[in-house]
Amino acid sequence: MAEKKVTKIGVLTSGGDAPGMNAAVRAVVRTGLYHGLDMFGVMRGYSGMIDDDIVPMDSRSVANIIQRGGTILKTARSAEFMEPAGRKIAYDNLKKRGINGLVIIGGDGSFKGAQKFSNEFDIPCIGLPGTIDKDIAGSDFTIGFDTAVNTAVEAIDKIRDTADAHDRLFIVEVMGRDAGYIALHSGIATGAENILIPETKTDIEALIHSLSEKEKRKKLVNLVVVAEGEKFGGANEIASIVRQRLPKADIRVCILGHIQRGGSPSCLDRLIASRMGYAAVDCLINGTHNVMVGILNNTLHYTPLDHAVKAKDKISDDWLRIVKILAS
Ligand code: ATP
């Protein structure tokens, strides 16, 4: 049986917000309009699909947003969409408008929802990786990561200035509940002495040893970059252990928090968002359905949604070696 032609596309942003989501929305809407399709914005992720908060989008509705952080479509987490009954309501709301293709910009949770939805109903879904965590396999980049990591680098550079002035040990916490990429990249880029991430078991004895060894050499300025999902529970927990073990150390904790989500997207995030948004509409038009669009080795790459939700990106051993070798 021939597949139905996609004529009306809905686009939504779901899960945690990430800088560059707006650039992706703009690319999806303008590519769809270029091909003569009707375009719709679904507000607040899957919640808007269930609440019937769906608006037509024209070229002007995405004007002047490529440089803006956040998402004009808003984002949310929807418990109702986890249930079959919620997804049926969402489907009925799309169906009554004739929407027959969806682009979901979000993380792996959003893709799990998309995968279930596309299995249950005749609406093809395309996922775009929009998450600051970069924890998705099938793409070298995720929309938002580059901006978030640059925000962290800028902040940590400033912290190093004040740490240096006072000979202090700073323990800086960056985002990453399950993934350590922001900590790893920002830590390497700022010359952090230690980087603690969820992917590796924190060796507290090795940390204490390295800090006390530096204390002996009178290297008093130290930066420890910690991902929030690090095994002991983050920067405050690590600081209290180090305080007990090294009572002479002058220790401060800084938790960067939500500033990492906000701000104007970097050039890289705008570019990958534009490229992925364009490719998502191409997929819907040419029948490559239920995939996540990624970029691998500077080439567009399509991972089936069911694979995208299972595969986890693994931090390569090279990175971990680089941390060890450079942080002396
Ligand atoms: P981030 O990486 O920023 O956390 P995410 O997309 O992984 O983004 P989640 O909160 O995990 O964020 O998922 C977003 C939404 O996707 C959920 O609120 C829910 O509506 C839907 N979703 C997640 N998992 C499932 C699932 N197993 N079945 C159906 N829907 C799901």
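Reader: Is Asp 17 buried, partly exposed or exposed?
Author: In this predicted model, Asp 17 is partly exposed, because its relative accessible area is 23%.

Reader: With which residue does the side chain of Asp 17 meet in a salt bridge?
Author: The partner is Arg 261, with an N to O distance of 4.0 Å. The two residues belong to distant parts of the chain, 244 residues apart: Asp 17 is in the loop between β1 and α1, and Arg 261 is in the loop between β9 and α9.

Reader: And Arg 261, buried or exposed?
Author: Arg 261 is buried, at a relative accessible area of 16%.

Reader: How many salt bridges are found in the whole structure?
Author: The search finds 14. Among them, Lys 158 pairs with Glu 154, the closest N and O atoms being 3.7 Å apart. Lys 158 and Glu 154 are separated by about one helical turn, because they are four residues apart in helix α5. Lys 158 counts as exposed, at 54% relative accessibility.

Reader: Which residue forms a salt bridge with Arg 160?
Author: Arg 160 forms a salt bridge with Glu 193, and their closest N and O atoms are 3.5 Å apart. Arg 160 lies in helix α5 and Glu 193 in the loop between α6 and β7, so this pair ties together parts that are 33 residues apart in sequence. Arg 160 is partly exposed at 23% relative accessibility, whereas Glu 193 is buried at 7%.

Reader: Turning to the sheet, what is the order of the four strands?
Author: The order is β7-β8-β6-β9, in an open sheet with parallel pairing. The edge strands are β7 and β9, each of which pairs on one side only. From one strand to the next, the twist averages 15°.

Reader: How many bridges join β7 and β8?
Author: There are three, in the parallel sense. In one of the pairings, Asn 194 has Val 224 of β8 as its bridge partner.

Reader: What does helix α5 touch there?
Author: Helix α5 packs on the sheet and touches β6, β8 and β9; its direction makes about 165° with that of β6. Helix α8 lies across β6, β7, β8 and β9, and runs at about 175° to β9.

Reader: One last topic: where is Thr 31?
Author: Thr 31 is in helix α1 and counts as buried, at 10% relative accessibility. A polar atom of the Thr 31 side chain lies 2.6 Å from the backbone oxygen of Ala 27. Leaving aside neighbours within four places in sequence, Thr 31 is in contact with Tyr 278 and Val 281.

Note on methods
Residues numbered from 1 in each chain as written. Predicted model: local features only at pLDDT ≥ 70, side-chain atom pairs only at ≥ 80, totals over all residues. Heavy atoms only, no water. Buried < 20%, exposed > 50% of the residue type's maximum accessible area, 1.4 Å probe, protein only. Polar contact = N/O pair within 3.5 Å; in protein donor to acceptor, adjacent residues only side chain to side chain. Contact = heavy atoms within 4.5 Å. Pairing = 2+ DSSP bridges. Axes fitted to C-alpha atoms, helices over the stretch in contact; angles between N-to-C directions.
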